[in-house]
Amino acid sequence: AQSALDAIAARASLNAFLHVDAELTLAQARAADARIAAGQAGPLTGVPIAHKDVFVTRGWRTTAASKMLGQYVSPFDAAVVERLEAAGAVSLGKLNCDEFAMGSGNENSAFGPVLNPWDNTAVPGGSSGGSAAAVAAGLAVATTGTDTGGSVRQPAALCGVSGIKPTYGSVSRFGMVAFGSSLDQAGPLAASAADLLPVLDAMAGFDARDATSHQSHATVQAQYDAARAGMQEGAQPLAGLRIGVPAEYFGEGLAADVAQAVEAALQEFEKLGAQRVAISLPRTDLAIPAYYVIAPAEASSNLSRYDGVRYGHRTASYGNLEDMTSRSRAEGFGPEVQRRILIGAYVLSHGYYDAYYLQAQRLRRMIADDFQRALGQCDVIMGPVTPTVAKDLGENRDDPTADWLADIYTLGVSLAGLPAMSVPCGFGQGAHARRPVGLQIIGNYFQEGRLLAIAERFQ
Ligand code: GLN
């Protein structure tokens, strides 16, 4: 823990951490030492981890990288924080991210962007940019992130680390600052699948405080063990594994260097015994409009709680109550968050609901059905996480929808609620030779343990 705190201080220019408290962390570390000395070590005892600043914590502020929650300290810990500390992990503090987890480059933080540790002129991805950068720079063994439409997988890919978004409902959302509640799901980031396994296993599990928490499925460790037991010894552990390769994930817009790195990874899987199956996810491009209706709709509802009354930012001077709320929200929310609230309120409004929100919900169902059809022909689906390597800082500043379009390969999985992970599979080319590429591995519901077992063979 001490060496992690030293590294965090030494790499402060990355802006990956928003809040650290050495006293608090070292007290946890001493308690971990005592448990180890007493022979009571748990699976993660003493392992230094850090949390995206959307998981509420009693010890550190929780800002969701927003001025709205700039000074907020929660009276309780999020379920994810509780579970990881119960497993023995030592918390290093809170990580920068896009404001309320809205973004794809970590440039929407009220506290400044995070730099990509591989190339400081590039974004780390988002919204869990601090989570990915911290692992890539060696500031934490593992970190937590949240993935509503790609925010664990995409920054993991762009920072060259591993990250997994589990099946919707497998990790409790209790104490997670809400963005799009039907999509939000927490997941860990770490160097490898092997490191993700104990962290996700500790995070996942039923929680009565989250109404969408799933009751009855095998633990991640048990899924992993079963998958391992089914693998052969020797050079071809993945013999018999059918990898679905969706044509739509390799179409127009995919950069040549990303395509090549992903193709090389697929060939590696074939050497491990897997076989490729051509599949189709015909509504891949429609995931973008469906998501960018549904997620803002839910966000507009979730963010209505920041009214300047109960908690969060309140404007200094105001006339009446309505004026107080509108000024507080105008000052507290950044431009991307305001954009989402406006879109959400619009698509939910009387007269437009049927035209936008209802149609988007229908699309969501069709997209989920497409995945089930495809997963009837193969065991897992593989493809790129992002169409390009990390963008330059500031590159999309004047064009917010450019970032939205780049979410094309991650949004469908989120709408369907499926588990998916990102594993590093190479780098870009030319001027982008230091910008990592990620391979996406998508499985059927509650197969995150199996995904980790498969990824581990590749790594
Ligand atoms: N980039 C997507 C968005 O901006 C996804 C964000 C996320 O998964 N939190 O909404």
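User: How do the residues of the shell around the ligand divide into nonpolar, polar and charged?

Analyst: The shell holds 4 nonpolar, 8 polar and 2 charged residues. Here Ala, Val, Leu, Ile, Met, Phe, Trp, Tyr, Cys and Pro count as nonpolar, Asp, Glu, Lys and Arg as charged, and the others, Gly among them, as polar. This is a predicted model, in which local features need pLDDT of at least 70, side-chain atom pairs count only at pLDDT 80 or more, and totals for chains, interfaces and linings use all residues. Residues are numbered from 1 along each chain as its sequence is written.

User: Which residues are the closest to the ligand?

Analyst: Of the 14 residues that surround the ligand, the closest are Ala-101, Ser-104, Thr-148, Gly-149 and Ser-151. A residue is near a molecule if its C-beta atom, placed from the backbone, lies within 6 Å of it.

User: Why is Ser-151 called buried?

Analyst: A residue is buried if 20 or more other C-beta atoms lie within 10 Å of its own, exposed if 12 or fewer, and partly exposed in between. Ser-151 has 36 C-beta neighbours inside 10 Å, so Ser-151 counts as buried.

User: What makes Ser-127 buried?

Analyst: Ser-127 has 34 other C-beta atoms within 10 Å, and is therefore buried.
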